[in-house]
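Please keep the sequence and the structure in view while reading.

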Amino acid sequence: MPAKKNPLKLNSLQLRTLVLAQVIARDERLSTAHTSGDVTLEHLPHAHGDHVHVGPYVVSAKEASGFANPAVWVALARKGLVRDSGYPVTLTPEGLAYDTGLDEKFEASDH
């Protein structure tokens, strides 16, 4: 039987924020991996104009609005996907592996 999609029932803003955090976590220039399997995000991007640069991608500022929403980080921490809701953000192994179903929606940009 295939794995259930979104087993933690994250809402769309939480899913978008988590997938963007996963993108940052994969970039060694923007994150620090720990022996525990956690990855700390050293910098969360901020919108300029109507978009945000996240790793090799450019996404609309609306899509990345969860970065500035404390309630999103509290929910992700409560579900065990990030260590706590403070800064800097640290993704747990569960947070890094969570299938948001959104990875295929990104295209690299030369912007």
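The points below go from the overall chain to its sheet, its hairpin, its core and some single residues.

The model is a predicted one. Its protein chain contains three helices and five strands, and from the N terminus these elements follow the order α-β-β-β-β-α-β-α. Of the 111 residues in the chain, 41% are buried.

**The chain as a whole**

- The accessible surface of the protein chain amounts to about 6600 Å², and carbon and sulfur atoms account for 54% of that surface.
- When contacts between residues at least 6 apart in sequence are considered, 58% of them join residues at least 24 apart.

- Three strands form an open sheet in the order 1-2-5, and their pairing is antiparallel.
- Strand 1 (31–33) and strand 5 (90–91) are at the edges and have a single partner strand each, so one side of each lacks a neighbour in the sheet.
- Helix 1 packs on this sheet and touches strand 1, strand 2 and strand 5. The direction of helix 1 makes an angle of about 100 degrees with the direction of strand 2.
- Three bridges connect strand 1 with strand 2, and the two pair in the antiparallel sense.
- Within this pairing, Ala-33 is found opposite Val-39 in strand 2.

**The hairpin of strand 3 and strand 4**

- Strand 3 and strand 4 run antiparallel and are joined by four bridges.
- Together they make a hairpin, with two residues between the strands. Gly-55, which lies in the turn, has a positive phi of about 55 degrees.
- Two positions illustrate how the strands face each other: Val-52 stands opposite Val-59 in strand 4, while His-53 has Val-58 of strand 4 as its bridge partner.
- In a regular strand, side chains alternate between the two faces of the sheet. Strand 4 has a covered face with Tyr-57 and Val-59, whereas Val-58 and Ser-60 belong to its uncovered face.

**The nonpolar core**

- The largest nonpolar core comprises 28 residues. Leu-41, Val-54, Phe-67 and Trp-73 are the residues with the most contacts inside it.
- Two or more residues of this core come from each of helix 1 (12–25), strand 2 (39–41), strand 3 (51–54), strand 4 (57–60) and helix 2 (70–78).
- Helix 1 supplies the largest share of the core, with nine residues.
- Which residues does Val-54 contact, leaving aside its neighbours within four places in sequence? The contacts of Val-54 are Leu-20, Val-23, Ile-24, Pro-45, Val-59 and Phe-67.

**The aromatic pair**

- A pair of aromatic rings is described by the distance of the centres and the angle of the planes.
- The structure has one aromatic pair. Phe-67 and Trp-73 form this pair, with 6.3 Å from centre to centre and 5 degrees between the planes.
- The pair counts as stacked, because planes under 30 degrees apart are classed in this way.
- Phe-67 and Trp-73 are both buried.

**Single residues outside the helices and strands**

- Asn-6 is located in the segment before helix 1. Although Asn-6 is not a glycine, it has a positive phi of about 55 degrees.
- Lys-9 is also placed in the segment before helix 1. Its phi is near 55 degrees, which is a positive value in a residue other than glycine.
- Is Lys-9 buried or exposed? Lys-9 has a relative accessible area of 61%, so it is exposed, given that the cut-off for this class is over 50%.
- His-46 is situated in the loop between strand 2 and strand 3. With 62% relative accessibility, His-46 is likewise counted as exposed.
- His-46 and Ser-65 are separated by 19 residues in sequence, and in space their C-alpha atoms are 9.1 Å apart.

Conventions. Residues numbered from 1 in each chain as written. Predicted model: local features only at pLDDT ≥ 70, side-chain atom pairs only at ≥ 80, totals over all residues. Heavy atoms only, no water. Core = buried A, V, L, I, M, F, W, Y, C linked by side-chain atoms within 4.5 Å. Buried < 20%, exposed > 50% of the residue type's maximum accessible area, 1.4 Å probe, protein only. Contact = heavy atoms within 4.5 Å. Phe/Tyr/Trp six-rings, centres within 6.5 Å; stacked < 30°, edge-to-face > 60°. Pairing = 2+ DSSP bridges. Axes fitted to C-alpha atoms, helices over the stretch in contact; angles between N-to-C directions. Areas by Shrake-Rupley, 256 points an atom, 1.4 Å probe, with all protein chains shown as cover.
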